[in-house]
Amino acid sequence: MKLILSFLLVLTGLVNINAQKTYTVKGAVQDFHDKTMLENAEIRIGDFSARTDKKGQFSLAGIPAGNYDLIAKHPECNDYTENIRVDRDLHLAIRLEHHVDEIQTVTIHGTHKAKGSVIMTTLEKADIERNSTENLGNLLSQLSGVTALKTGNNITKPVIHGLYGSRVSILNNGVKMAEQEWGVEHAPNVDVNDFEHIDVIKGASALKYGNEGVGGVVILEPALIPKKDTLMGNVKLSGISNGRGGEISANLLKSWKNQWFVKTGGSYRKLGDLYIPHHTLQNTGAEVNSFNFSFGNHSFLQGFDVSYSGIRQEFGIYKGAHLGSPSDFYKAINFGQPYFLDDFSYEIGSPKQEVEHHIAKISAYKRFADFGKLTFQYSFQLNQRKEFDIRRADLNALPSMDLRLITHSASLVHLIERTDWSLESGISGSFQDNYPNPATRARRLIPDYYRYDAGAFSVFKYRFNSKLNAEAAVRYDFSRYDAYKYYDESDWNNRFAKVFPEFFVQKSDSRILVRPILDYHNFSANLGLDYKPLDNLNVKLNLSRADRTPNPAELFADGLHHSAAIVEEGDMRIKRETLYQANLSLVSNFNILKGLRIEASPYIMISDNFINQIPTGVVNSNRGVFPIWSYQQIKARIFGIDADAELNILDNLKWNAGFSALKGDDLSANEPLILMMPSNFRNSLEWKMNIPNNFYLRLENVSVLRQNRFPIRNQTVDFIENGTFFREELDLSTPPSAYTVFNASAGADVAKNFNINFRINNIFNTEYREYLNRLRFFMPENGRNFIITFKYNF
């Protein structure tokens, strides 16, 4: 009986084994967002594996029924994992997140494959870290075609191809900065320590970021969040000889494999009075502190983040630029006679400016298999600016200008990508509330106003073949100002009463209260081509037309701008500004020594209604003597060229050179445009070696030629000296002489995770003045400066 039962059990098992079936699993692997079929992807189901062919197809046969973990892998893609049940023949469609590093960044980084037709230069992480104690304007001046408009030696703002202020948009981690940027001495409120790379897009080719960046766009990007469990950060400590100060900064990041992250950081910098060759300048110190915090979750299919950043800056304005005596003012302007020298101090007194800027942002995105990617972003900005003038008695403690600007912005962007084309479209809106505090008991330079903005854009990119790509973009923007402003009765009657009678509200003594409501409809378009006719030659061409709404100063400025040491006059009759631009880039590589790369980028800008600011007079008040600068609308033309060369002489020795030149013309007055960048050359020689680790030694030279093309805008001033009446001409036009400055830097990893960087600016303590420094009449540029930075990574 036992033998019979055993035989039956064996027979039943054999029947079951013979009855067990196997199945085939087939499918295709493709790019999630552009549907490209992916070749050479590895598919694993249990112990079975296969690779996709040129069409992205795979097939696995003979798989027994059961539950399995399916794993799909492809170079440059995140692994795909799914639990499947095999109980029949299956056909699977697997979508992988291909080139994820490109699509998860807000901008197009210089090393990304999708750089496209935009003409862009990039400051990499190493460039930023070596110059981390510099402000943004000075940092960007290392790039060809970019310089800085200065107010003294602390306050700088970037100038791209001769355009600055509202014409240059700055994006801070995806948020367009709204910080009273119309002011010539309103430095960008950013801490460069927060960012891993900075991209500068030249010209009006980046319409997705707005229509106001007709000169260019500066994009500040933090590092990507690693998708792993890690705790990382760094601490930096810098000593700065010029100003006898220093800076400390720290950053900390915690990320998890499930793609959650928390990040924070901050910095503090303190400087005393700045040193010029043989002297110090009184009241030129600075104090800056910043803080940032963010958290979120960034997976491929969806994600969100919440962030906050805040910065506070206090800058002293050199006392020698605010002179009460017409005689002293004349001597300072015409003979460069300086006042208020030496007596070093860390104290910052009047005149000065105190600025706070806060940004809170919420953003989220979601990817859909066939619909594309949707991104929503909301941001809140608060800019509080106080400018202190030298005033009498108790008034000295009150700011002469106290502006509070609140900005709400929101955007919704859709991106769809396919094998040969992509389409990105979006809508945006913003609201601004500007409040000038009347408690200053001073005439308000900028009035109360509300500003409403709404826009829509679309950018289409098409890949014809491996050598030719094209891009076309269109944008529409609507802007409205709703302001309340007082005018002197005579000024209102002479300039605006007949043009804008509907704005009149009431008369109060000799003052007229008006409520201007001004609407602007702006249309912009761009066409870009990226062509590679030869393996060692790349050609890019961008043609654009862009409208820009006048900024508040161009329309409404009326009074003394204390930090700039000028009187500004706006004009409500100014219309929208339209600029036509052509930007060309030619990049070629040559097999010379270890490799030579040359890039030449000519450009031209033409406008029939360019908004220009020029000196038109001088006012002598009880608060000092100040030039009057007025806004006018003219016909203008700017053309120039940027050129860069990089030669690898040896494997560890590299030479870089850059050249920039431009020519700006006021075609209405048949004279040169004012404050155009002088021609300049840059050269650097850098040697690297691995002992000690990451050791480098770099020598730099900057040569700036004299600007020989400038308008004659001299004014006269009256004064009495020693009982004699004088009427003298103020030379507000003649540019300073050419100059050459040498800098040097060195650095190395001296221990595990520990780096030292040493830099000397202006090695030979050269005394020089810059044409684009609005206070050049009263002071030269900084003298020799030693900077040492210790950095610890963990």
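In this predicted model, the second largest cavity holds about 190 Å³ of space. Of the 19 residues that line the second largest cavity, W629, L732, R774, R776 and F777 are the closest to its centre. The notes below begin with this cavity and then turn to other parts of the model.

**The second largest cavity**

- Two elements, α5 (326-335) and β36 (624-650), are the ones that give two or more residues to the lining of the second largest cavity.

**The largest cavity**

- The count of cavities of 30 Å³ or more comes to 14, and the largest cavity contains about 220 Å³ of space.
- The largest cavity is lined by 21 residues, of which Y164, R167, E554, I611 and Y631 are the closest to its centre.
- Strand β35 (residues 596-621) supplies the largest share of the lining of the largest cavity, namely four residues.
- The lining of the largest cavity is made up of ten nonpolar, seven polar and four charged residues.

**Salt bridges**

- The structure holds 52 salt bridges, and one of them joins R444 to D448, with the closest N and O atoms 3.0 Å apart; R444 is partly exposed, at 30% relative accessibility.
- In another salt bridge, R515 pairs with D482, and their closest N and O atoms are 2.7 Å apart.
- Because R515 lies in the loop between β29 (511-514) and β30 (517-534) while D482 belongs to strand β27 (residues 468-488), this pair ties together parts that are 33 residues apart in sequence.
- R515 counts as partly exposed at 32% relative accessibility, whereas D482 counts as buried because its value of 9% falls under 20%.
- Salt bridges that share partners join R130, E686, K688, R698, E700 and R759 into one network.
- The side chains of E314 and R312 also meet in a salt bridge, at 3.8 Å from N to O; here E314 is buried, at 9% relative accessibility, and R312 is partly exposed, with a relative accessible area of 23%.

**An annotated span**

- An unreviewed UniProt entry places the feature "domain: TonB-dependent receptor plug" at residues 119-217.
- In the model, the end C-alpha atoms of residues 119-217 lie 11 Å apart, and the span is 11% helix and 31% strand.

Notes: Residues numbered from 1 in each chain as written. Predicted model: local features only at pLDDT ≥ 70, side-chain atom pairs only at ≥ 80, totals over all residues. Heavy atoms only, no water. Salt bridge = Lys/Arg side-chain N within 4 Å of Asp/Glu carboxyl O. Buried < 20%, exposed > 50% of the residue type's maximum accessible area, 1.4 Å probe, protein only. UniProt positions renumbered as here; feature names shortened; annotations may be inferred. 1 Å grid on protein atoms, 1.4 Å probe; cavity = no way out; pocket = protein on both sides within 12 Å on 5 of 7 lines; lining within 4 Å. Points joined across faces, edges and corners; volume = space filled by probe spheres on them. Nonpolar A, V, L, I, M, F, W, Y, C, P; charged D, E, K, R; others polar.
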